[in-house]
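Good morning, and thank you for making time for this item.

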Amino acid sequence: MTQEGFDAALTDEDEEFGQAQPQLASSTFFGRLVTLGPSNEQDLRLVKPEHTVGRADSCSLQLRYPFVSSLHARIRCGPEGVSIEDCSTNGLWVNGAKLSAKATVSVAHNDEVAFAPPRAEGDTAPPLRFT
């Protein structure tokens with residue numbers, strides 16, 4: 001049996017019980033960023049140690065909105081959890097609070113990340129939720 005984020009293989013020890021024990025796969029699933037509201041943007045599955053968000057084609061998650069910088073944020077995933085770093089001059093908001101310039105903060109399940117001030121004039125970028 002294989003589960004998402006895990007590879008399972010039957011070992012000699014498991015044969016007597018007839019069940020495979022899950023082993024961490026090389027690409028561990030740390031969570032995902034999900035767009036909120038009506039949007040055709042892709043969601044970002046966090047399976048690598050580092051992801052980027054911005055307008056640039058090289059970003060892991062591309063958001064093509066006026067308030068989003070070419071490289072707006074860097075997301076790091078590891079055993080200690082998931083953190084997001086503001087790489088923009090426009091700012092980054094987590095749960096409605098603006099981060100200090102170039103700050104890095106940990107994000108938890110259901111935290112909301114926005115790339116423009118709440119209700120900014122001309123902002124059409126939907127916020128993202130970490131799940």
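**Salt bridges, sheets and core**

The side chains of Asp57 and Arg64 meet in a salt bridge, with 2.6 Å from N to O; the term requires a side-chain nitrogen of Lys or Arg within 4 Å of a carboxyl oxygen of Asp or Glu. Asp57 is exposed, at 62% relative accessible area, whereas Arg64 is partly exposed, at 47%. Here, buried means under 20% relative accessible area, exposed means over 50%, and partly exposed lies in between, with a 1.4 Å probe and protein chains only.

Before I continue, the conditions. This is a predicted model, in which local features need pLDDT of at least 70 and side-chain atom pairs count only at pLDDT 80 or more, while totals for chains, interfaces and linings use all residues. Residues are numbered from 1 along each chain as its sequence is written, and side-chain values use heavy atoms, with hydrogens and water left out.

Now the overall layout. Of the 131 residues, 38% count as buried.

Which strands make up the sheet with mixed pairing? Five strands form this open sheet, in the order β6-β5-β7-β8-β11; two strands pair if DSSP finds at least two bridges between them. β6 and β11 (104-107) stand at its edges with a single partner strand each, so one side of each has no neighbour in the sheet. Within it, β5 and β7 pair in the antiparallel sense over four bridges, and Thr52 has Arg74 in β7 as its bridge partner.

A further open sheet has six strands in the order β4-β3-β13-β12-β9-β10, with antiparallel pairing. Its edges are β4 and β10 (97-98), each of which has a single partner strand, so one side of each is left without a neighbour in the sheet. Strand β3 (residues 31-35) and β4 run antiparallel and are joined by three bridges; Gly31 has Leu46 in β4 as its bridge partner.

Let me return to the charged side chains. The count comes to five salt bridges. In one of them, Glu50 and Arg74 meet at 3.1 Å, N to O. Glu50 lies in strand β5 (residues 50-54) and Arg74 in strand β7, so this pair ties together parts that are 24 residues apart in sequence. Arg74 also forms a salt bridge with Glu85, the closest N and O atoms being 3.7 Å apart. That pair links strand β7 to strand β8, across eleven residues. Glu50, Arg74, Arg76 and Glu85 are linked in a network of salt bridges.

Next, a histidine. His72 lies in the loop between β6 (61-62) and β7, and counts as buried, at 0% relative accessibility. Its side chain reaches the backbone oxygen of Gly91 at 2.6 Å, and a polar contact of 3.4 Å joins the side chains of His72 and Ser88. A polar contact is a pair of N or O atoms within 3.5 Å; within protein, one must be able to donate a hydrogen and the other to accept it, and residues adjacent in sequence count only if both atoms are side-chain atoms. Leaving aside neighbours within four places in sequence, His72 is in contact (heavy atoms within 4.5 Å) with residues including Val53, Phe67, Glu85 and Phe115.

I turn to the core. In soluble globular proteins, nonpolar side chains tend to be buried together. The largest nonpolar core here has 22 residues, and those with the most contacts inside it are Leu63, Ile75, Ile84 and Phe115. Such a core is a set of buried Ala, Val, Leu, Ile, Met, Phe, Trp, Tyr and Cys residues joined through side-chain atoms within 4.5 Å. Two or more residues come from each of β4 (44-46), β7 (73-78), β8 (81-86) and β13 (128-130). The largest share, three residues, comes from β7.

Finally, the cysteines. The whole structure has zero disulfides, a disulfide being a pair of cysteine sulfur atoms within 2.5 Å. For Cys59, the closest cysteine sulfur is that of Cys87, at 9.1 Å, too far for a bond. Cys59 is buried, at 6% relative accessible area.
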